[in-house]
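Reader: I have a structure open on my screen and would like to talk it through with you. Could you take me through it piece by piece?

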Amino acid sequence: ENGMLRAIVTAAGATAAVRRAVATLSSSRASIASGAFQLRPRGITPTSRHLGSQPRKPRGRRDAMTTMTTAAASTPRKRATATASANDDESDDDAWRSLGTPAKELRLENTLPTGQSFRWRKNADGDYVGVIGRRVVSMRQDVDDVLYRVHCRGDDESEASDAAVIAEYFNISTSLASLSEAWAAADARFAKLAPHLPGCRMLRQDPAECLFSFICSSNNHISRIHGMVERLCAAYGTKLAPDERVRGMRKAAAATPTPKKKTKTKTTPTTPREDANGGGEDGTSTVTETEKTAAALEPDDEPLGDFYAFPTVAQLRAASEETLRGMGFGYRAKFIAGAVAALVAKPEGPDAYLMKLRAAETPYRDARAALAELPGVGPKVAACVCLFSLDKHDAIPVDTHVWQLAVEHYVPALASKSLTPRVMDEVEAAIVAVFGSHAGWAHNTLFVAELAHVRAGLPEELRTPPRPKTAKKEKREKKEKREK
């Protein structure tokens, strides 16, 4: 009898265990179907409740971008799944960690290389490596998440604060997906563009770093801006000591045109933000064919190089105009030294002054006007600094490219106007009227759509047509041709 009783109890326990397993499996299936469950490869550790992440909605059919990312996952060097499985014995501190941001909230390729910041380098694995404060950080795009790895941090900074610092830099507390839904309802063009350009997120940079980076952008192109910013950091910033992983990384191979043999000076249109302070109002800057050839001949597979924190205003006090000119900053040397002197002279000190401009109590127009008083800061640079670092979400940096898309889609009445500060204000007002309090964020998606490599991939009907040349521009081009 005892034996029979034990058999019955054992059978009952097994039945209960089976029922629990079935219930667990059913729950997992339901979670997967609802999008609430995410499979994570080994070696990837979630952050503390995924700072700033939004509840996930059921996934529909994957778009083209997600499909391409999934296909890329089969390349071991480029995806977290393969990398993590190859490093199962790595320590928890070395593991890739999840930022908890789906593609609709953040896509690295639509955010980091779009002219907001000049501190990020793409490595041969397809990851972005850059500096946030005194941290050297790698960022990796996963299929529907973003992963990060911190390679070093300041002496007084801890691993526990990594997630919060990175989430703040990427403005994760603001739901881009929710904003995009409202913008799509308000504007038919945005509704058509949004599926092609998910995750065009605004960064929240250090104000001083953003200010001096965009002073360097005056009449400049993107590779030279990167070079100037890095030289400024190397000369006056604090050198950082990332781990061995960074020292072993190589630069991504850049797709460059066949170098030209002749050396000549040529006026070349810049992309938006590359000419953030404008030089000419037509958005052109002087770029020599020699510079283009040098960029094209830059060897691939080079080390990423050294990393430095961006210098504080106090550190930049050591930078004289003469020294900066000797470093290749040209006329911008005067602006950098002058802006440093002006900030140091503020009664509350430079850092407190810039943070006062970031405060919610300071309206965008007041912050922009205050920045425009600094040497080398025009209306476009001021708007860039306000949008990219001072929490002025309705700021619209207007260059000729933004003006062109605004005239084509929002304010055709300005087509015959020249790009003056007054017209810039009219363009800004028109975009704000459509998109509201976060119009600067919406403008960012519209702007990214105008980048040459992005524009080429859009359906023909979504490409802003080139604007006809004005008589003034044709006259200038004829004059340049005669001079050559």
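**A polar pair, then a helix**

Author: The side chains of R140 and D127 are joined by a polar contact of 2.7 Å, where a polar contact is a pair of N or O atoms within 3.5 Å, one of which, within protein, must be able to donate a hydrogen and the other to accept it, and residues adjacent in sequence count only if both atoms are side-chain atoms. This is a predicted model, in which local features need pLDDT of at least 70 and side-chain atom pairs count only at pLDDT 80 or more, while totals for chains, interfaces and linings use all residues. Residues are numbered from 1 along each chain as its sequence is written, and side-chain values use heavy atoms, with hydrogens and water left out.

Reader: Where does R140 sit, and is R140 buried or exposed?

Author: R140 lies in strand β5, residues 135-141; helices (H or I, at least four residues) and strands (E, at least two) are DSSP runs numbered from the N terminus. With a relative accessible area of 2%, R140 is buried, and buried means under 20% relative accessible area, exposed over 50% and partly exposed in between, with a 1.4 Å probe and protein chains only.

Reader: How far is S98 from R140?

Author: Their C-alpha atoms are 9.6 Å apart in space, although S98 and R140 are 42 residues apart in sequence. S98 belongs to strand β2, residues 96-98, and is buried at 0% relative accessibility.

Reader: Which polar contact does the side chain of S98 make with another side chain?

Author: The side chain of S98 has a polar contact of 2.5 Å with that of D145.

Reader: Changing topic, at what angle do α18 and α19 pack?

Author: Helix α18 (residues 421-435) and helix α19 (residues 439-448) pack at about 100 degrees with their axes 9 Å apart; axes are lines fitted to C-alpha atoms, for helices over the stretch in contact, and angles run from 0 to 180 degrees between N-to-C directions. The two helices are therefore roughly perpendicular, a term that covers 65 to 115 degrees. I431, V432 and F435 of α18 meet A439, A442, H443 and L446 of α19, contact meaning heavy atoms within 4.5 Å.

Reader: Why is α19 said to be largely enclosed?

Author: Because 10 of the 10 residues of α19 are buried, this helix is largely enclosed by the rest of the structure. The cover over its buried residues includes α5 (176-186), α6 (188-193), α16 (379-389), α17 (400-409), α18 and α20 (452-455).

Reader: What does M202 touch?

Author: Leaving out residues up to four places away in sequence, M202 touches Q116, F170, N171, L387, F388, G440, W441 and N444. M202 lies in the loop between α6 and α7 (207-216) and counts as buried at 0% relative accessibility.

Reader: And N171, what is its phi?

Author: N171 has a positive phi of about 55 degrees, although it is not a glycine. N171 is placed in the loop between α4 (162-169) and α5, and at 7% relative accessibility N171 is buried. D391 also has a positive phi, of about 65 degrees, without being a glycine; D391 sits in the loop between α16 and α17 and is partly exposed, with a relative accessible area of 25%.

Conventions
Parallel < 35°, antiparallel > 145°, perpendicular 65-115°, else oblique.
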